Amino acid sequence: MPFNQIIGHQRPIKWLRTAVETSHLGHAYLFHGEPAIGKRHTAMALTQFLLCDHPQGGSTPDACGTCRACHQVEQGIHPDYLMIQPEDGQKQNPKIKIDQIRAIEHLVIYRPLIGSHKVCLIDDADTMTPEAANALLKTLEDPPEHCLFLLITSRPEHLLPTIHSRCIALRFAPLPINHIDEFLKQQATMDSRDARLVSTFSEGRLGQALHLDPEELKVKLRQYWALLFGEHLTSTTQVFDMSETLVKSNQVAEAIYWFQQGLRDVLLLSLDESNSPMFYRDQEPTLRQLAQRISPSAIIELSQELNHLERGQQRHLNMQIGLEQFFFHLHDQLDSVLALE
Ligand SMILES: [Zn+2]
């Protein structure tokens with residue numbers, strides 16, 4: 001996928017393109033930013049641009065995307081290109097091991113076979129074992145002239161500082177929601193209601209958006225809306241039962257996430273930010289009534305209570321009591337509003 005097919009990230013792409021054009025490309029780059037926002041696609045586009053047989057000129061030079069070299073990069077079989085990622089990607093704690101880094105040493109030792117560069121892409125670079133990281137560090141300390149290292153991570157703080165300092169860091173920001181919305185409608189041919197829903201939940205991450213199922217989102221929206229603002233709030237017994245069910249079914253983290261989005265929608269409306277994308281858009285009339293009754297400061301307090309609960313999960317806070325308290329406080333605020341439903 002050449003640069004011109006990447007959604008967003010114009011700033012890092014411009015930087016890289018200019019670096020290549022003016023022969024200022026460094027030996028090692030660190031692409032960092034949220035997961036699934038396009039870092040790896042950009043790294044592959046840069047690789048194609050460097051190795052392409054028929055690069056396109058003009059004001060925005062780019063790889064052709066169709067020649068043999070471009071295809072080989074796409075398929076991961078170009079002789080001057082190596083991509084490394086955690087081997088046991090499906091497991092809980094994936095690692096890049098030292099044997100994989102040794103493969104880099106074999107790649108970089110000789111001059112490029114076809115093109116002008118040898119490119120080594122290391123995805124999830126933060127998962128390198130200490131041995132692997134130290135082996136890579138040795139190569140980065142004295143990189144061969146023709147080599148380019150592209151390290152990708154969403155957790156730059158987990159990399160060795162010594163590796164960090166040898167790379168030029170480029171930050172990749174989440175995409176504007178409307179870019180994702182447009183992409184889903186035009187490229188993924190999603191209908192506009194679903195595209196709006198999915199893009200709202202995407203957190204500005206295109207990779208995430210492509211994995212979300214609008215039907216699943218709708219089910220969750222209905223389920224958690226009923227839990228957050230349902231009639232059960234008026235019954236102490238039902239609040240106890242519901243809190244217990246959420247804890248026993250291991251749904252606390254998920255519930256906190258969906259409750260936060262509901263509170264956020266109310267807050268945005270009470271601050272008159274109705275142009276921002278809303279998670280529970282189908283409930284807009286009720287959200288508006290809630291926004292008129294609950295003060296922004298009360299919503300923020302409730303949201304902070306959820307934050308506290310979320311952090312408490314690691315500290316073994318009693319989640320059931322925490323949830324019960326949250327629902328009671330919410331009920332206090334809603335007392336006069338519940339009749340609206
Ligand atoms: Zn090409």
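1. Gly 38 lies in the loop that joins strand E1 (28–33) to helix H2 (39–51), where helices (H or I, at least four residues) and strands (E, at least two) are DSSP runs numbered from the N terminus. The model is a predicted one, in which local features need pLDDT of at least 70 and side-chain atom pairs count only at pLDDT 80 or more, while totals for chains, interfaces and linings use all residues. Residues are numbered from 1 along each chain as its sequence is written.

2. Is Gly 38 buried or exposed? Gly 38 is buried, because 24 other C-beta atoms lie within 10 Å; a residue counts as buried if 20 or more other C-beta atoms lie within 10 Å of its own, as exposed if 12 or fewer do, and as partly exposed in between, with C-beta atoms placed from the backbone. Leaving aside residues up to four places away in sequence, Gly 38 touches Ile 6, Ile 7, Gly 8, His 9, Phe 172 and Leu 206, a contact being two residues whose C-beta atoms, placed from the backbone, lie within 7 Å. The C-alpha atoms of Gly 38 and Gly 207 are 7.2 Å apart, although 169 residues separate the two along the chain.

3. For the protein chain as a whole, there are 15 helices and five strands, and 36% of the 341 residues count as buried. Among contacts with a separation of 6 or more, 69% join residues 24 or more positions apart. The C-alpha atoms fill a box of roughly 75 × 45 × 30 Å, taken along the principal axes.

4. Helix H12 (residues 252–270) packs against helix H13 (residues 284–293) at an angle of about 65°, with the axes 8 Å apart. H12 is therefore roughly perpendicular to H13, since angles of 65 to 115 degrees carry that name, those under 35 are roughly parallel, those over 145 roughly antiparallel, and the rest oblique. Axes here are lines fitted to C-alpha atoms, for helices over the stretch in contact, and angles run from 0 to 180 degrees between N-to-C directions. In this contact, Asp 265, Val 266, Leu 269 and Ser 270 of H12 meet Leu 287, Arg 288, Leu 290 and Ala 291 of H13.

5. H12 also packs against helix H14 (residues 296–312), at an angle of about 160° and with the axes 10 Å apart, so H12 and H14 are roughly antiparallel to each other. The H12 residues that meet H14 include Ile 256, Phe 259 and Leu 263, and the H14 residues include Ile 299, Leu 302 and Leu 306.
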